[in-house]
Amino acid sequence: VQLQASGGGLVQAGGSLRLSCAASGRTFSSYVMGWFRQAPGKAREFVAAISRNGGVTYYADSVKGRFTISRDNAKNTGYLQMNSLKPEDTAVYYCATSRGLRVVNAQYDYWGQGTQVTVSS
């Protein structure tokens with residue numbers, strides 16, 4: 001499956017952005033989807049994941065209550081709604097899919113290119 005992330009940009013602290021992840025090549029609904037991010041000089045970190053049918057979600061503590069992951073399998077697209085953004089959310093955000101069933105600690109097989117999110121203070 002090929003993944004294309006978009007929707008990043010520059011936003012002030014407290015603002016919102018919605019990232020999209022468009023999938024093609026295989027049935028999107030067959031995959032768990034996750035979002036990750038990587039800030040300059042730091043390791044990539046998990047942000048959120050969602051089950052194949054969207055019924056189960058899982059978040060990193062750092063974004064819980066501010067970010068919402070969702071998906072529209074009919075459109076082969078996943079989303080990450082980011083509210084109350086903080087400067088520490090600045091990073092390149094990546095979407096990924098997993099062929100497994102796990103939402104927590106899933107192993108991801110396919111990765112999209114990143115989209116930059118910059119939050120100014």
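Arg 37 has Glu 45 of strand 5 as its bridge partner. That pair belongs to a predicted model, in which strand 4 (residues 32-38) and strand 5 (residues 45-50) pair in the antiparallel sense over five bridges.

**Hairpins around strand 5**

- Between strand 4 and strand 5 the hairpin has six residues, and Gly 41 in this hairpin takes a positive phi near 75 degrees.
- Strand 5 also pairs with strand 6 (residues 57-59), in the antiparallel sense and over three bridges.
- Within this second pairing, Ala 48 stands opposite Tyr 59 of strand 6.
- The hairpin of strand 5 and strand 6 has six residues between its strands, and Gly 54 there takes a positive phi near 85 degrees.
- Strands of a sheet pair through backbone hydrogen bonds, in either a parallel or an antiparallel way.

- Four strands form an open sheet in the order 1-3-8-7, and their pairing is antiparallel.
- Strand 1 (2-6) and strand 7 (67-72) are at the edges with a single partner strand each, so one side of each has no neighbour in the sheet.
- From one strand to the next, the twist averages 15 degrees.
- Strand 1 runs antiparallel to strand 3 (residues 17-24), and five bridges join the two.
- Gln 2 is found opposite Ser 24 of strand 3.
- In a regular strand, side chains alternate between the two faces of the sheet.

- Most residues other than glycine have a negative phi.
- Asn 76 is not a glycine, yet its phi is positive, at about 55 degrees.
- The loop that holds Asn 76 runs between strand 7 and strand 8 (77-82).
- Asn 76 counts as partly exposed because its relative accessibility is 28%, and partly exposed covers the range between under 20% (buried) and over 50% (exposed).
- Ser 84 is likewise not a glycine and has a positive phi, of about 50 degrees.
- Ser 84 sits in the loop between strand 8 and strand 9 (91-98).
- With a relative accessible area of 42%, Ser 84 is partly exposed.

Note on methods: Residues numbered from 1 in each chain as written. Predicted model: local features only at pLDDT ≥ 70, side-chain atom pairs only at ≥ 80, totals over all residues. Heavy atoms only, no water. Pairing = 2+ DSSP bridges. Axes fitted to C-alpha atoms, helices over the stretch in contact; angles between N-to-C directions. Buried < 20%, exposed > 50% of the residue type's maximum accessible area, 1.4 Å probe, protein only.
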